[in-house]
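Keep the structure open beside you as you read.

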Amino acid sequence: MTTGVPTSTAPRRRSPARTFLPLAVAAWLVLEIWLLGLVAGAAGGLAVAALIAGGMVLGAVVIKRAGRRAFKNLTDTFQQAQQGTRPAPQQPGQGNGLTMLAGLFLMMPGLISDAAGLVLLLPPVRAWIGRRAAASLERKMAAASAGTFGDAFQQARIHRPDGKVVQGEVVREDRPQPGPDTAYRPPLAP
């Protein structure tokens, strides 16, 4: 019996990220613990506790400021939309996602994560990572096969050939259509 599906398919190759990511996370955790032990041996346990507490407070402040800025941007965008003006698109790295990630790194206990959070707070670094992430996402979406999420994303972005977007409005009739199924029905629950 043939169903149109090939019976012998080659096994899918595991991506390198799925292979090495757990090893990298384990190595990072061991390195963080080792560095905290070195600092505790050199400066004492109170200094390590102060570093961890300071990182958590600084991370909370960074996340709170980024959240407030994101909410302000959202309200400004809504106000511009209500006035009929189109909001300007943001450049990659100008949003608040990477700033919140920096705050999360600062809140995590450890010296390497704190250093990564502080580096991520620098605007040129955020812009560079944002551009790289946007380019990578565009490449993956363009390379996605038909019927995947990437294909749906591409279909949603289709415009007219001249680049114009056709505005439209959906009008729905809320009245029930006459037919055999419009009679009263009692509720199903007793």
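Lys72 and Asp76 form a salt bridge, with their closest N and O atoms 3.0 Å apart. The term salt bridge here stands for a side-chain nitrogen of Lys or Arg within 4 Å of a carboxyl oxygen of Asp or Glu. Both Lys72 and Asp76 sit in helix H2 (residues 45-83), 4 residues apart, which is about one turn of the helix. Asp76 is partly exposed, at a relative accessible area of 26%; buried means under 20%, exposed over 50%, and partly exposed in between (1.4 Å probe, protein chains only). A search of the whole structure finds 1 salt bridge.

Before going further, a word on what you are looking at. This is a predicted model, in which local features need pLDDT of at least 70 and side-chain atom pairs count only at pLDDT 80 or more, while totals for chains, interfaces and linings use all residues. Residues are numbered from 1 along each chain as its sequence is written, and side-chain values use heavy atoms, leaving out hydrogens and water.

The pLDDT score is the predictor's confidence in each residue, from 0 to 100. Its average over the chain is 79, and 70% of the residues score at least 70. Confidence is highest in helix H4 (residues 111-120), at a mean of 93, and lowest in helix H6 (residues 149-156), at 54. Where pLDDT is low, the predicted coordinates should not be read in detail.

Now for the overall layout. The chain has 6 helices and 0 strands, where helices (H or I, at least four residues) and strands (E, at least two) are DSSP runs, numbered from the N terminus. Of its 190 residues, 13% count as buried. The chain exposes about 15600 Å², and carbon and sulfur atoms supply 65% of that area; accessible areas come from the Shrake-Rupley method with a 1.4 Å probe, and for residues only the protein chains shown count as cover.

What does Glu32 do without a salt bridge? Glu32 belongs to helix H1 (residues 16-43). Glu32 is buried, and the nearest side chain of opposite charge, Arg126, is 19 Å away; for charge, Lys and Arg count as positive and Asp and Glu as negative, with His and the chain ends not counted. Its side chain does reach the backbone nitrogen of Ser113, at 2.8 Å. Setting aside residues up to four places away in sequence, Glu32 touches Pro109, Gly110, Leu111, Ile112 and Ser113, contact meaning heavy atoms within 4.5 Å.

One of those partners, Gly110, deserves a look of its own. Gly110 lies in the loop between helix H3 (97-107) and H4. Gly110 counts as buried because its relative accessibility is 1%. Beyond its neighbours within four places in sequence, Gly110 is in contact with Glu32 and Leu36. The C-alpha atoms of Gly110 and Ile52 are 7.0 Å apart, although 58 residues separate them along the chain.

Helix H3 also holds Leu101, which is partly exposed with a relative accessible area of 34%. Leu101 and Gly117 are 16 residues apart in sequence, and their C-alpha atoms are 7.4 Å apart in space.

Finally, turn to Arg126 in helix H5 (residues 123-143). Arg126 is buried yet has no salt bridge, and Asp114, the nearest side chain of opposite charge, is 15 Å away. A polar atom of the Arg126 side chain lies 2.7 Å from the backbone oxygen of Leu121.

Note on methods. A polar contact is a pair of N or O atoms within 3.5 Å; within protein, one must be able to donate a hydrogen and the other to accept it, and residues adjacent in sequence count only if both atoms are side-chain atoms.
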